Amino acid sequence: MKVTICEFPDETAHKMKAWDALVAHTVSAQPEVVVLPEMPFCGWIFVGHAVDLDQWREAMNQHDRMIERFSELKCRWVLTSRPIERDGLRLNEAFMWSAESGYQAVRSKWYLPDLPIARESIWFSQGDRNFSPVSCGPLRVGFKLCSEMMFLEHSREIGFANAHLIAHPRATGDGKRWQAATEMSAITSGCYVASANRRSYDRWLFTGGSRLLSPEASLLAETTAESPFITAEIDISVAEKAKTTYPRDLQKMYC
């Protein structure tokens, strides 16, 4: 099965050119799955000490407009997240989109940072801690959104639920912690990890470098500013076998 990992521009002015390039990439590569960064279609507005409701509504509208264009991508599934309102709550919602069934909400982000560059605990309500995987045809996928990758117990849960892939949409810098967290999530779960990041071009904030890792944390593909989309093969049977080997077999003995 072919998976495309993407980095996507942070700034609104660059997004449409990147979208056109992504469409062209999928026409050429013909992946089954495309993984996009966290809330890819709006600027990073989630700062300050209060919610700007006009910016919030525009962020939702930007995602509505782009999701309507997902059929332009020559793939079967798209995995990412978006800002949305449900039952009076503002949420960062992980979702899968399929050419056959359209939009399917999966879960909403639970672990919300409170940092000067990410006041997510102000902008969003907590979602849920149900990390159960969902099915993309034969592929079982669990979602962890950005900082949630730091909580390895949920990677283990996803692996124990027989997932093959962890989708990790994020908006981060390039600190060693992110590489280590994705590597340990692969090792703990026995899953492939598709970690897709934003890239800032007009400021120093998000650093791109989306990665696809094997269940043993080998780097299979990594994007750059010059190559923002990369497609690579994954093998479901490799992830299934990984569940029977160290350290996953040891975890099952004691958990």
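Which residues of H1 are buried? This report answers that for a predicted model, then looks at other parts of the chain.

## Helix H1

The buried residues of H1 are Lys15, Ala18, Trp19, Leu22, Val23, His25, Thr26 and Ala29. An α-helix has 3.6 residues a turn, so residues three or four places apart point the same way. Look for that spacing as you read along the helix.

What do these buried residues pack against? Five are strands: E1 (2-6), E2 (8-9), E3 (33-35), E12 (192-199) and E15 (229-233). Helix H2 (53-67) is also a partner.H1 runs over residues 12-29, which makes 18 residues. At 1.5 Å a residue, the helix should span 26 Å. Gln30 follows H1, and its phi is positive, near 55°.

## The whole chain

How many helices and strands does the protein chain have? The chain has 7 helices and 15 strands. Its radius of gyration is 17 Å, close to the 18 Å that the globule rule gives for 255 residues, so the chain is as compact as a globular protein of that length. Along its principal axes, the C-alpha trace spans about 50 × 40 × 35 Å.

Of the 255 residues, 55% count as buried. The chain exposes about 10700 Å². Carbon and sulfur atoms supply 52% of that area.

## His154, inside

His154 lies in helix H4, residues 152-160. Is His154 buried or exposed? Its relative accessible area is 2%, and buried means under 20%. His154 is therefore buried.

What does His154 touch, leaving aside its neighbours within four places in sequence? It is in contact with Tyr111, Arg129, Phe131 and Lys144.

## Met253, outside

Met253 is found in helix H7, residues 248-254. Its relative accessibility is 61%. The cut-off for exposed is over 50%, so Met253 counts as exposed.

Met253 also belongs to a nonpolar surface patch. Tyr246, Leu250 and Tyr254 are the other members. The patch covers about 540 Å².

Notes. Residues are numbered from 1 along each chain as its sequence is written. This is a predicted model: local features need pLDDT of at least 70, side-chain atom pairs count only at pLDDT 80 or more; totals for chains, interfaces and linings use all residues. Side-chain values use heavy atoms; hydrogens and water are left out. Patches are made of residues with over 30% relative accessible area and no salt bridge: like charges are joined within 9 Å, nonpolar side chains (Val, Leu, Ile, Met, Phe, Trp, Tyr) within 5 Å. Accessible areas come from the Shrake-Rupley method with a 1.4 Å probe; for residues, only the protein chains shown count as cover. A salt bridge is a side-chain nitrogen of Lys or Arg within 4 Å of a carboxyl oxygen of Asp or Glu. Helices (H or I, at least four residues) and strands (E, at least two) are DSSP runs, numbered from the N terminus. Buried means under 20% relative accessible area, exposed over 50%, partly exposed in between (1.4 Å probe, protein chains only). The expected span of a helix is 1.5 Å times one less than its number of residues. Contact means heavy atoms within 4.5 Å. The radius of gyration is taken over C-alpha atoms; the globule rule is 2.2 Å times the number of residues to the power 0.38.
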